[in-house]
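Welcome! Please take a look at the sequence and the model before reading on.

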Amino acid sequence: MPVIKDAVCSLCGSLCDDITVTVEDNKITKIENACILGHSKFVGMFEHDRIETPMIRKDGELVPVSYEEAIEAAAKILVNSRRILSYGWCSTSCEAVSGAIELAEETGSVIDSTANVCHGPSALAAQEKGSPSASLGEIKNRADVIVFWGCNPVHAHPRHMSRYSSFSKGFFTEKGRKGRTMVVIDVRKTDTAKLADNYVEIEQGSDLLLITALRSIVNGHEDVVPETVAGVPKAEVLELAETLKNAKFVCIFFGMGVTQSRSKYKNGDAVSSLISDLNQHTKAVMIGMRGHYNVTGFGQVATWETGFPMAIDFARGYPYYNPGETGANDLLVREEPDAAIIAAADPGAHFPQKAVRHLAKIPVIQIDPYANPTTEIADVVIPSAIVGIEAEGTAYRMDAISLRMKKLIDTRFKTDEEIVKDLTAKVRELKRGA
Ligand code: SF4
């Protein structure tokens, strides 16, 4: 029975690359090293609600068709539409993302990723202030102060702390957890906060106040800091600033508690400035705790191909980018798209009601291994192989390190990359014939 070592878990942005997988009769029968979330993806994929066949909606019902028929129907929708939204693409390979960008350019669509509703604001902040960062390997080997701000890796990235951060042992951090100071800043005492040396509880939406106060103290202006900041007594803020300044190597890991709370991208902008300030005293870096396993990869591929990381509008024949105007929700709430292609995402479950209502009115093409609420409003449904299990491909970890995901078992499903290629070819054929 084949035992595959060093497989990559394609679930969260940690992209653990030390998974051992046993395969028997083309089924995964044993997983070693994965956390409970990763395990559920590798083994649970056989139990989930898989889309068994391509489907087209006829008289209100989704009926099974061949891949060729589904691709032709999808291509016809794209060719006959004027304002197409292409959304998702963060739980698939970089190769599929590249193909999706080519298709968006061919059809003059807007292409946006799930980052727009999670870490997108930190991409905006990075454009203004930069993003001083490091690899997770450097952090494992060097960081003696780890800060988790607005994130809860115990539940969202279960192996992060043992592989790369608080609990891991590295070259200069051989004592592991005992040699590191762990700080958690959050609005409630999460399970991650329970493990911290210092838990700083702040008032909801007040992250910017605390970051600004820390910057003032780090820059020698503690006199301007009031007696309480973000609900935290000044003495605690001073102590936290000292911990950061006196570290040998600080990493601030930040989550959606920072990027999606009040002040949004200004929070990321301010964290970046705080990191720059700290670098006058010590070595400091920041990393976003990315959720979807390849949301970082979408940003990388989109940036090198178009110059922009998300919300890219090809309607003018060249890439135009203005989040707030060209984001998926911006367009849907304005009822602008007349068709949508949704891949590896579920706006039907996660978008605001007004956006979903508009999606339900227009032709929707769905590409996904699994049925989800978006399937209920889709007109063409194209099932795909699961990358990292049934197909190989490239993904970027949260620290922007690229990793090659392996194919572990055979499948009858086409890959996202193949589907997008076929769709682009069919669109070109239809346009030539038009
Ligand atoms: Fe998979 Fe994330 Fe768990 Fe690692 S931490 S095994 S990448 S789900």
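Predicted model: local features only at pLDDT ≥ 70, side-chain atom pairs only at ≥ 80, totals over all residues.

A residue counts as near a molecule if one of its heavy atoms lies within 4 Å of it.

**Around the ligand**

- The residues surrounding the ligand are C9, L11, C12, L15, C16, A34, C35, L37, G38, P158 and R159.
- Sorted by class, this shell holds nine nonpolar residues, one polar residue and one charged residue.
- As for its location, the ligand sits in the largest cavity.

**An annotated domain**

- UniProt, in an unreviewed entry, lists residues 50-423 as "domain: Molybdopterin oxidoreductase".
- In the model, this span is 36% helix and 20% strand.

**Salt bridges in general**

- Side chains of opposite charge can pair when their charged atoms come close.
- How many salt bridges does the model have? The count comes to 29 salt bridges.
- Some charged residues are joined in a network of salt bridges, made up of R83, D313, R316, R334 and E336.

**The pair R163 and D17**

- R163 and D17 form a salt bridge, and their closest N and O atoms are 3.0 Å apart.
- This pair links distant parts of the chain, 146 residues apart: R163 belongs to helix α7 (residues 160-163), while D17 is in the loop between β1 (3-7) and β2 (19-24).
- Is R163 buried or exposed? R163 has a relative accessible area of 19%, so it is buried, as this value is under 20%.
- D17, at 23% relative accessibility, counts as partly exposed.

**D269 and its two partners**

- D269 forms a salt bridge with K129, with 2.6 Å between the closest N and O atoms.
- Because D269 lies in helix α11 (residues 264-278) and K129 in helix α4 (residues 120-129), the pair ties together parts that are 140 residues apart in sequence.
- D269 also forms a salt bridge with K266, where the closest N and O atoms are 3.8 Å apart.
- Both D269 and K266 lie in helix α11, three residues apart, which is about one turn of the helix.
- D269 itself is buried, with a relative accessible area of 4%.
- K129 is partly exposed at 44% relative accessibility, and K266 is partly exposed with a relative accessible area of 36%.

Methods: Residues numbered from 1 in each chain as written. Heavy atoms only, no water. 1 Å grid on protein atoms, 1.4 Å probe; cavity = no way out; pocket = protein on both sides within 12 Å on 5 of 7 lines; lining within 4 Å. Sits in = over half its atoms within 2 Å of the grid points. Nonpolar A, V, L, I, M, F, W, Y, C, P; charged D, E, K, R; others polar. UniProt positions renumbered as here; feature names shortened; annotations may be inferred. Helix = DSSP H or I, 4+ residues; strand = E, 2+ residues; numbered from the N terminus. Salt bridge = Lys/Arg side-chain N within 4 Å of Asp/Glu carboxyl O. Buried < 20%, exposed > 50% of the residue type's maximum accessible area, 1.4 Å probe, protein only.
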